[in-house]
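Dear colleague,

I am passing on to you the model that we discussed, with the sequence and coordinates placed just below. After them come my notes on what was found, arranged by topic.

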Amino acid sequence: MNAVEIEEAISKLAEQPFDPAQFPYAFLEAFGNKATTISRLRSGNSNKTDIEGAVLQYNNIHMAVCPSGEVLKILDNLKNSPATARQKAKFILATDGDDFQAEDLTSGETVACTYRDFPDHFGFFLPLAGISTVKQISDNAFDIRATGRLNKLYVELLKDNPEWGTEERRPDMNHFMARLIFCFFAEDTDIFNGSGLFTTTIDQMSAKDSSNTHKVISEIFRAMNTKIDDRETAQLPRWTDTFPYVNGGLFSGGTETPHFSKIARTYLLHVGKLDWKKINPDIFGSMIQAVAEDDERGALGMHYTSVPNILKVLNPLFLNDLHAKLEEAGDNPRMLLNLRKRMARIRVFDPACGSGNFLVIAYKQMREIEVEINRRRGEEHQHTEIPLTNFRGIELRDFPAEIARLALIIAEYQCDVLYRGQKLALLQFLPLEAQNWITCGNALRLDWLNICPATGTGVKLYSDDLFSTPLDQAQIDFENEGGETYICGNPPYKGSQSQDDAQKVDLEAVFEGTSVNWKGLDYVGGWFQKAANYCRIASASFAFVSTNSICQGKAVSALWPHVLRSDHEINFAYTSFKWANLASHNAGVTVAIIGVGPRNTSKKRLFVTVANNSIETRDVKYINAYLVSGPEIYIEPRNENLSGLSLMAFGNMPIDGGFLSFNKDEIESAGC
């Protein structure tokens, strides 16, 4: 089971009447335990408890249902039970059907809530399903809950409207979902007039048999694309008058809506009843992305690049410097103002942005620094000078690109509410600006300088608009001219042997006119070459998460002399580490993070993974393409060996799927 399925299962459990005898087994079943496992626990064959009525699953959990008011006492008994230690229980749990308490015996973290609310803490228990949790998701159950509900709605709508699932109509379906997400967020955050306006209107104005649900939603969307003064002419129903004018391209174009079955209408109302104030744009986009992609739905809720991992890229790339300048400025008004003006001109560009995680985190981190500057200057309610359009991206697929823009819009509003107050945030939120700064297209085929132009130039290329705005609309230049550009992201990895024909053609186009032997490179190598080309014109720096293959073997001498040349060098790097998502089945791709900037940067920093997966920071004079502190030496392949031995056709490259590889525990257990 994945995280979304687990959340749904325990939510159903909490909604049912409490059954003391069945709860422990139903709880374990919700976390993916098989019927045979549950049966053995019921019979007592595998129940190792030493407390009457309790259930102890080896190497997992010790739990008990207790009389009313005795939860704390029973939890203490479970903790002190010899069987708990002997059977290596990781969790203890006690409930009386009203109160619910649990403890992670490894970390010491606890949960204490009402029984009805324990699904809000489902992330706390994900290790019971063999899922390695990411703290940011564990702390924010809403995003997975919303993803699960939206997925049910999406699947049901495609069942009733199969033509919307075709390649031709899928963009319309995805755009419809983006509109829904905005409405759910807007109705819970006072952007709409009145709490729950969108969901309540659908509930009241559409027939319970769902026959006109699509028409009601279509009229709401049409209203939000019509200025208040024009609504009478547009002959909109009176009941749409309470919806504001949103525009921003989000509701422009066609308002055709898929037909709803009774089940789909019910799912829609259930989604609307969630508290969308809790949405976390840092991670929501990555998870909702899987809703729209059939081949990824099996891993629903697993697509998440954690905030700490993103900051491994952004901090050394430019955020650490901003924090240092803030510290240096102290309370000096002039220095603080200069820093604020500098930040307003910084451009962050992710040419493989997906649903916008890197851009959202960069924006929120910069807003946090800006608000501290304003606090020190006594300008707490100062409007932000950091424009969203300074955070640019390229994404191949249309739905993640739409979600990226939506995530940035939500992040901006949440920051305004947090730092300036709800009233000021609302005043400046609507109407949305009809601008597209997330380009949907193939990053290896587009000219990055046309999308994120160098200082002093304007945008020349305008790719497919996200929200159906005509392609001949005014092109967007940066609000605050000048400044620095930082390129970042997590481009796709595809080894040379797993690339399809189109990807091979992409690489050929990138390296055309060079002597690079691109046929043996990972697909991500194309982004490094494009970034290097960009930086030579735009005077920028870049950092990417990459498969570590480009820093090993033949790839080093093939790629890096062309990336670095005489004008750039590696300024910082994280050596190989596991880049894991929230998934029990995740293989954990081994990656490196490589930051490149202009040559002769005074300080270089190497982050090395050591024992217990901790990171050791080393200040070094130089970092070469093998990610060690050494001069730029490239080991070239030779057709003839130096010793006169027979030819070695292929070097050390374990491609057997791991079957001939051994970890330390396996070696020791074999007595080697």
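Please keep in mind throughout that this is a predicted model. To begin with the sheet, five strands make up an open arrangement with mixed pairing, and their order is β1-β2-β3-β4-β5. The edges are taken by β1 (55–57) and β5 (110–114), and because each of these has a single partner strand, one side of each is left without a neighbour in the sheet. From one strand to the next, the twist averages 10°.

At the β5 end, β4 (residues 99–104) pairs with β5 in the antiparallel sense over five bridges, and Glu 103 has Thr 110 in β5 as its bridge partner. Helix α4 (residues 71–80) packs on this sheet, where it touches β2 (61–65), β3 (91–95) and β4, and the direction of α4 makes about 155° with that of β3.

Most residues other than glycine have a negative phi, and most peptide bonds are trans. Against that background, Asn 59, which lies in the loop between β1 and β2, has a positive phi near 60°, and with a relative accessibility of 32% this residue counts as partly exposed. Gln 235, in the loop between α11 (231–234) and α12 (262–272), also has a positive phi, in this case near 55°; its relative accessible area is 67%, and since the cut-off for exposed is over 50%, Gln 235 is classed as exposed. As for the peptide bonds, the one that joins Leu 430 and Pro 431 is cis, with omega at about -5°, and Pro 431 is found in the loop between α18 (422–427) and β8 (438–440).

Finally, there is the question of how the nonpolar residues are grouped. The largest nonpolar core has 102 residues, and those with the most contacts inside it are Phe 182, Phe 192, Phe 198, Trp 276, Phe 318 and Met 366. The helix that gives the most to this core is α17 (residues 398–420), with 13 residues. If neighbours within four places in sequence are left aside, Phe 318 is in contact with Ile 346, Val 348, Ala 362, Met 366 and Tyr 486.

With best regards

Terms used:
Residues are numbered from 1 along each chain as its sequence is written. This is a predicted model: local features need pLDDT of at least 70, side-chain atom pairs count only at pLDDT 80 or more; totals for chains, interfaces and linings use all residues. Side-chain values use heavy atoms; hydrogens and water are left out. Two strands pair if DSSP finds at least two bridges between them. Helices (H or I, at least four residues) and strands (E, at least two) are DSSP runs, numbered from the N terminus. Axes are lines fitted to C-alpha atoms, for helices over the stretch in contact, and angles run from 0 to 180 degrees between N-to-C directions. Contact means heavy atoms within 4.5 Å. Buried means under 20% relative accessible area, exposed over 50%, partly exposed in between (1.4 Å probe, protein chains only). A nonpolar core is a set of buried Ala, Val, Leu, Ile, Met, Phe, Trp, Tyr and Cys residues joined through side-chain atoms within 4.5 Å.
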